[in-house]
Amino acid sequence: MQNITKVVIPVAGHGTRSLPASKNVPKEMLPIYNKPVIQYVVEEAVRAGIHDVVFVTSKEKTALEDYFDHHLPLEEVLERTGKEELLKTVRELVEMVTVMSVRQKKQLGFGHAVLCAKSIVQNEPFAVMVGDDIILGEGSGLKQLIEVAQKENKPVIGVMEVDPKMVYKYGIVAGNTRPDGIIEITDMVEKPSIDKAPSNMAIIGRYVLPPEIFNYLENGKPGYGGEIQLTDALNLLAKDRGMLAVPVKGRRFDAGDLLDFLSVNVYFALQDPKMKEAMHSRLESLLKEFSKLKEFSNN
C-alpha cells in the first residue's frame, strides 16, 4: 500500500447528541480545553504524516473550513498589539494542513459520506477519521493503523475493547487474534444487540482503506437504519481482500457523548501544570459539597 496522503473526515451531521449546544455551532467546533474538537482530530492526522484533509461537509459547516484559513482582521489586531505568541498560534493553524471539502447534499449514512469524497481521493489509498472521536496518547492512533496497513498491504481499521453492555452503540468485529495482538477480521456487525454481538471489540472511527472501497459503497444496499453503512462495505471488502483490526493504544474520548465531553475537559485541566492543583482543589470541593448534600437528603 502506497503512502497515505489524504484523510477524509465526514462532518456533515447535525450533531443531535450535542444539542442544544450544536444548534448553530458545528459540534466539531465546540471547545475542549482551549481548542475545538476538530483540531485534536486534525492534529492526530498530522502526527501520522498526513497534511491533506478532505471535509465531507454541508452548508451549515463552513466554520470548519474557515477555522483552518487566515483570519486577517484578527491577525492584524494581534500583530498591532504585540501578541506574538497568539499570532503564531493562529497562523500555525493555516500552515498545518491543506483543506479540501465536498458537500454531502443528502445525509444517507456514514458510508455515503465517505463515498462523497471519491472525486477527490480518486485511486489512492486514504484514511478516514470520525470528527468527534479524540484519541490521546504518546503515538497517533491513526499512525498505528498506517504502519500496519503499509507493512501488511491490507485495509486496516482501529478497534478498542468496550463494556459488553455498550456494544449496541458500535460496529463490532469478530476474528482471529494474532500473537502481535492484531485481529484478522472474519465478520463485522453494525450496532448489534448485546446477545448477538460477536465480541466486544468496537470500531472506533479510524480507518486506512484502499480506493476499492468506493465500489462496494456504490453498489451497496441500505443497511442499519436504512442508511448506507461503511461497516457493510467493509465486511464485503474484508471477505474479498482480507482486513485487519488494530487495537489502538491511547485514551479515547467521544466528544459527542456528554460525559466524555466533560471528562476530557477535566483530563486536560489535570495535565496542565498551571491549572492542575487548582483543578484538584476545585474537584475536591465539589465532591465534598455534593457528598454533604447527598447525606442531608438521605437524612
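Predicted model: local features only at pLDDT ≥ 70, side-chain atom pairs only at ≥ 80, totals over all residues.
Residues are numbered from 1 along each chain as its sequence is written, and side-chain values use heavy atoms, with hydrogens and water left out.

I begin with strand 8. Strand 8 spans residues 156-161; strands here are DSSP runs of E with at least two residues, helices are runs of H or I with at least four, and both are numbered from the N terminus. Five of the six residues in strand 8 are buried, a term that means under 20% relative accessible area with a 1.4 Å probe and protein chains only.

Which strands pair with strand 8? Strand 11, residues 201-209, runs antiparallel to strand 8 and is joined to it by five bridges. Strand 12, residues 244-247, pairs with strand 8 in the parallel sense over four bridges. Pairing requires that DSSP finds at least two bridges between two strands. Methionine 160 has alanine 202 of strand 11 as its bridge partner, and isoleucine 157 stands opposite alanine 245 in strand 12.

I turn now to the pockets. A pocket is an open set of points on a 1 Å grid over the protein atoms alone, where a 1.4 Å probe fits and protein lies on both sides within 12 Å along at least five of seven lines; lining residues have an atom within 4 Å of a point. Volume is the space filled by probe spheres set on the points, which are joined across faces, edges and corners.

The largest pocket holds about 1,400 Å³ of space. Of its 43 lining residues, Arg17, Val130, Asp132, Lys169 and Lys191 lie nearest the centre. Strand 11 supplies the largest share of this lining, four residues, and strand 8 is one of the elements that supply at least two. By class, the lining of the largest pocket has 16 nonpolar, 12 polar and 15 charged residues.

The second largest pocket has a volume of about 250 Å³. It is lined by 13 residues, and Gln39, Tyr67, Thr89, Val90 and Leu93 are the closest to its centre. Helix 4, residues 84-96, gives the largest share of this lining, seven residues.

Lysine 27 lies in the loop between strand 1 and strand 2. Its side chain makes a polar contact of 2.8 Å with that of aspartate 132; a polar contact is a pair of N or O atoms within 3.5 Å, where within protein one must be able to donate a hydrogen and the other to accept it, and residues adjacent in sequence count only if both atoms are side-chain atoms.

Aspartate 254 lies in strand 13. Why does aspartate 254 count as buried? Aspartate 254 does so because its relative accessibility is 12%. A polar contact of 2.8 Å joins its side chain to that of arginine 17. Leaving out residues up to four places away in sequence, aspartate 254 touches Arg17, Asp132, Asp133, Asp260 and Phe261, where contact means heavy atoms within 4.5 Å.

Proline 210 lies in the loop between strand 11 and helix 8, and counts as buried because its relative accessibility is 3%. The C-alpha atoms of proline 210 and valine 128 are separated by 11 Å, with the two residues 82 residues apart along the chain.

Terms used. Buried < 20%, exposed > 50% of the residue type's maximum accessible area, 1.4 Å probe, protein only. Nonpolar A, V, L, I, M, F, W, Y, C, P; charged D, E, K, R; others polar.
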